[in-house]
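Subject: Handover of a structure

Dear colleague,

Please find below the structure that I am handing over to you.

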Amino acid sequence: MDSLTSTANAKKTDGTPLSRETLTITDNRTGKSYEVPITHGTIRAMDLRQIKTDPSDFGMMSYDPAFNNTAACISRITYIDGDKGILRYRGYPIEELAEKSTYLETAFLLLHGELPNEKQLKDWAWHIGHHTFIHESIKKFLDGFHYDAHPMGMMISTIAALSTFYHDAKDILSEESRQKQTYRLIGKMPTIAAFAYRHTLGMPFVYPDNELSYPGNLLNMLFRTTETRYRPNPTLERALDILFILHADHEQNCSTNVIRGVGSSHVDPYSATAAAIAALYGPLHGGANEEVLRMLLEIGSVQKVPDFIKRVKAGETKLMGFGHRVYKNYDPRARIIKRVAYEVFELMGKNPLLEIALECERIALEDEYFVKRKLYPNVDFYTGLIYQSMGFPMTMFPVLFAIPRTSGWIAQWQEMLLDPEQKIARPRQIYLGSGARDYVPIEKRS
Ligand code: ACO
């Protein structure tokens, strides 16, 4: 045993081994043992590097494609217990926030760590409200998109383009600058989303109305036509606010990992957010809500659900809106969303696709294939039905995810920047390609 492990065999006076927060690893290639500290149930991957077969050996690494079991950061923002179906923002259960909070208050909580007092909330809402307008030039290049451009593509490019308007955003280590860009990003996301939507319809843009709530203003910019003053329906406004609360953060998911990774190069937050939106766009992540609706339309009727499930089990397709890397239990957000769905349907009429969705869920929750793999409905399973009933086209569904996730992304980006342990993200690889070989001139290649 080498010097690092001199205490590995320590015993209490009665001969029983000492309980220590360490892990002893024996390398059977060399017979050497190493003792590495365990903190918060985790060992540091760098502690493995000392494990070598000889001094010239690079040292041991851990291999974890897709980060299945690797913590890449310490975070104090969002807590998930996937087995128990628990989700908390800064310690507050998602169920309580969905019932009692608003999206803007929740965004403040995520970013500042505490719920705001009355004055803080008023100031916060004022600042967000006063950063909702976009430069007129942005409207011009939105005009350049084709009429059937996907709004997520428009969002990615337009948010990235904001960096060309706000040069102060490069000053990422200034708290004042970060605050300003936070107001801008949370304020402008709904405006850009609504303008992208109106562009696809060929309708004139509707400017923000600061008298309205955050979700109310979004509905105004999306749907106002000839009214002199748009008044959102309170049920739909609250439903959207709850959906925004539920989507605000979800710890180290694909897009959050992207904003942390891209942001670790110290690029401005608009470029980093654009990258996160791109990650969210994918059908395995935030694009799933759109895919769920396409799937329900493809199934077409309740009678055809068993056949579709058969195809899923044969590996021909996926049951979109089911399964989650972290939740191996009912996604707590899906439970709340199901309740919101019924409130919206009561007002707007039942979505005819609901019966198909419920049948998919019923069969899946009983079927061994899904039970064995712990596949439950995730956040995206019912959101599409709600959005459709509210009048949104399918392509807008992932956009309605990206708008509220912005606060979570920025909170995570900021936490990463201020964490002294974080550096530029740079994973290792296991190289299994060709060894060194001589260049072959083109005439000699077969
Ligand atoms: N339908 C059918 N089978 C599934 C599904 C599904 N939706 N999800 C997972 N499985 C199966 C896999 O084929 C695999 O089976 P196997 O063990 O026989 O190979 C097993 O369940 C484990 O799945 P993985 O793909 O290893 O799980 P992973 O954690 O990598 O993926 C993911 C999670 C991407 C969410 C996956 O469940 C999926 O593709 N779901 C559908 C898309 C979706 O709804 N995405 C939204 C997620 S929530 C969000 O991002 C906001």
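I begin with the ligand: one of its nitrogen atoms lies 2.9 Å from a backbone N or O atom of Leu284. This is a polar contact, that is, a pair of N or O atoms within 3.5 Å; within protein, one atom must be able to donate a hydrogen and the other to accept it, and residues adjacent in sequence count only if both atoms are side-chain atoms. A backbone N or O atom of Leu319 is 2.7 Å from a nitrogen atom of the ligand, and the side chain of Tyr369 has an N or O atom 3.0 Å from a ligand nitrogen. On its own the ligand has 920 Å² of accessible area, and the protein covers 70% of that area. Accessible areas come from the Shrake-Rupley method with a 1.4 Å probe, and for residues only the protein chains shown count as cover.

Please note that this is a predicted model: local features need pLDDT of at least 70, side-chain atom pairs count only at pLDDT 80 or more, and totals for chains, interfaces and linings use all residues. Residues are numbered from 1 along each chain as its sequence is written, and side-chain values use heavy atoms, with hydrogens and water left out.

Which residues come nearest to the ligand? Of the 19 residues around the ligand, they are His285, Lys318, Leu319, Gly321 and Arg325; a residue is counted as near if one of its heavy atoms lies within 4 Å. The shell around the ligand is made up of 10 nonpolar, 5 polar and 4 charged residues.

The chain as a whole has 17 helices and 5 strands. These are DSSP runs numbered from the N terminus, with at least four residues for helices (H or I) and at least two for strands (E).

Strands β1 (residues 22–27) and β2 (residues 32–37) pair in the antiparallel sense over 6 bridges; two strands pair if DSSP finds at least two bridges between them. Ile25 has Tyr34 of β2 as its bridge partner, and Leu23 stands opposite Val36 in β2. This hairpin has 4 residues between its strands, and Gly31 takes a positive phi near 80°.

A further 3 strands form an open, antiparallel sheet in the order β3-β4-β5. Because β3 (78–81) and β5 (92–93) stand at the edges with a single partner strand each, one side of each is left without a neighbour in the sheet. Strand β4 (residues 86–89) is joined to β5 by 2 bridges, and Tyr89 has Tyr92 in β5 as its bridge partner.

Beyond its neighbours within four places in sequence, Asn217 is in contact (heavy atoms within 4.5 Å) with Thr132, Pro208, Asp209 and Leu212.

Finally, 47% of the 446 residues of the chain count as buried. The C-alpha atoms fill a box of roughly 80 × 70 × 55 Å, taken along the principal axes.

Definitions and conventions: Nonpolar A, V, L, I, M, F, W, Y, C, P; charged D, E, K, R; others polar. Buried < 20%, exposed > 50% of the residue type's maximum accessible area, 1.4 Å probe, protein only.
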